[in-house]
Amino acid sequence: MTLARHGDYFSFFGLPRRLTIDQADLDQRLRRLSRQFHPDYFYTASTPERLASLERSSYLNDAYRVLKQPLDRAEYLLKIEGMPAMGRHQDAKELPAGVLEDVFALNEELDEIRAARAAGTPREQLQARVEVARRPIDERAARQEARLQELFERWDRLVDGQATPETRRETLEELRRLLQERSYVANLLATVTDL
């Protein structure tokens, strides 16, 4: 099923393009649409109708998976609003300077910790150093989550109001930058956790 043929995931569920979605309402809509499109209700129908039912049911499941996850929902919104595609792995050259400074400091400390571990220092003795080293990145991640929530709320106000295309575009561009930065920081924290 294509976007042009069946509309975007929001409209398929009868929802506005908001970033905040009531999960219970989404689940209720899923159950209603599932009853409407499920192939079991079309087993005596013609072949084209059965195929259409399968397509709609598959599209429904794809749409639900995306809409129920806030980050997937935001990335999908960026896509259907015509923003450039986001890579899962952020190029460090595109990050703000403050992020790069924190990353550089963390990597230096982690190199020293790895060297100490290779020299035989017990893991337990190095754990406190790891926690201190990752603290600025943890704090940055917390600020990103708060900022992401603010942008979700701002976008929803723009959708509900009479925002200009320029205002909507500025918010989407900021959202895209933040999601990319967040992805980079999350990947970095995962490497620290694996130490």
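This is a predicted model: local features need pLDDT of at least 70, side-chain atom pairs count only at pLDDT 80 or more; totals for chains, interfaces and linings use all residues.
Visitor: How many aromatic pairs does a search of the whole structure find?

Guide: The search finds five. Rings of Phe, Tyr and Trp (its six-membered ring) pair if their centres lie within 6.5 Å.

Visitor: What makes the pair of phenylalanine 12 and phenylalanine 37 stacked?

Guide: The angle. Their planes stand at 25 degrees and their centres are 5.7 Å apart, so the pair is stacked. The classes are: stacked under 30 degrees, edge-to-face over 60, tilted for the rest. Phenylalanine 12 is in helix α2 (residues 9-12) and phenylalanine 37 in helix α3 (residues 23-37), 25 residues apart. Phenylalanine 37 is buried too.

Visitor: Why is the pair of phenylalanine 12 and tyrosine 59 called edge-to-face?

Guide: The planes are 85 degrees apart, and the centres 4.8 Å. Tyrosine 59 lies in helix α4 (residues 47-68) and phenylalanine 12 in α2, so the pair ties together parts 47 residues apart in sequence.

Visitor: Which residues form one aromatic cluster?

Guide: Tyr9, Phe10, Phe12, Phe37, Tyr59 and Tyr76. Tyr76 is also one of the buried residues of helix α5 (residues 70-80), along with Arg73, Ala74, Leu77, Leu78 and Ile80.

Visitor: How do you know that arginine 129 and glutamate 109 meet in a salt bridge?

Guide: Their side chains come to 2.8 Å, N to O. A salt bridge needs a side-chain nitrogen of Lys or Arg within 4 Å of a carboxyl oxygen of Asp or Glu, so this pair qualifies. Arginine 129 belongs to helix α7 (residues 123-160) and glutamate 109 to helix α6 (residues 97-118), 20 residues apart. Arginine 129, at 31% relative accessible area, is partly exposed. Glutamate 109, at 22%, is partly exposed as well.

Visitor: What separates aspartate 111 and arginine 114 in helix α6?

Guide: About one helical turn, because they are three residues apart. An α-helix has 3.6 residues a turn, so residues three or four places apart point the same way. The closest N and O atoms of aspartate 111 and arginine 114 are 3.3 Å apart, a salt bridge. Aspartate 111 has 47% relative accessibility and counts as partly exposed. So does arginine 114, at 39%.

Visitor: Why is the link between glutamate 174 and arginine 147 a salt bridge?

Guide: Their closest N and O atoms are 2.4 Å apart. Glutamate 174 is in helix α8 (residues 165-193) and arginine 147 in helix α7, so parts 27 residues apart in sequence are tied together. The whole structure has 18 salt bridges.

Visitor: What makes glutamate 181 count as buried?

Guide: Its relative accessibility is 12%. The limit for buried is under 20%, so it passes. Glutamate 181 lies in helix α8. Its side chain has a polar contact of 2.8 Å with that of glutamine 144. A polar contact is a pair of N or O atoms within 3.5 Å; within protein, one must be able to donate a hydrogen and the other to accept it, and residues adjacent in sequence count only if both atoms are side-chain atoms.

Visitor: How many helices and strands does the protein chain have?

Guide: Eight helices and zero strands. Both are DSSP runs, numbered from the N terminus: helices are H or I with at least four residues, strands E with at least two.

Visitor: Why is the protein chain called more spread out than a compact globule?

Guide: Its radius of gyration is 22 Å, while the globule rule gives 16 Å for 195 residues, so the chain is well over that value. The radius is taken over C-alpha atoms, and the rule is 2.2 Å times the number of residues to the power 0.38. The C-alpha trace spans about 70 × 40 × 30 Å along its principal axes. Of the 195 residues, 34% count as buried.

Terms used: Residues are numbered from 1 along each chain as its sequence is written. Side-chain values use heavy atoms; hydrogens and water are left out. Buried means under 20% relative accessible area, exposed over 50%, partly exposed in between (1.4 Å probe, protein chains only).
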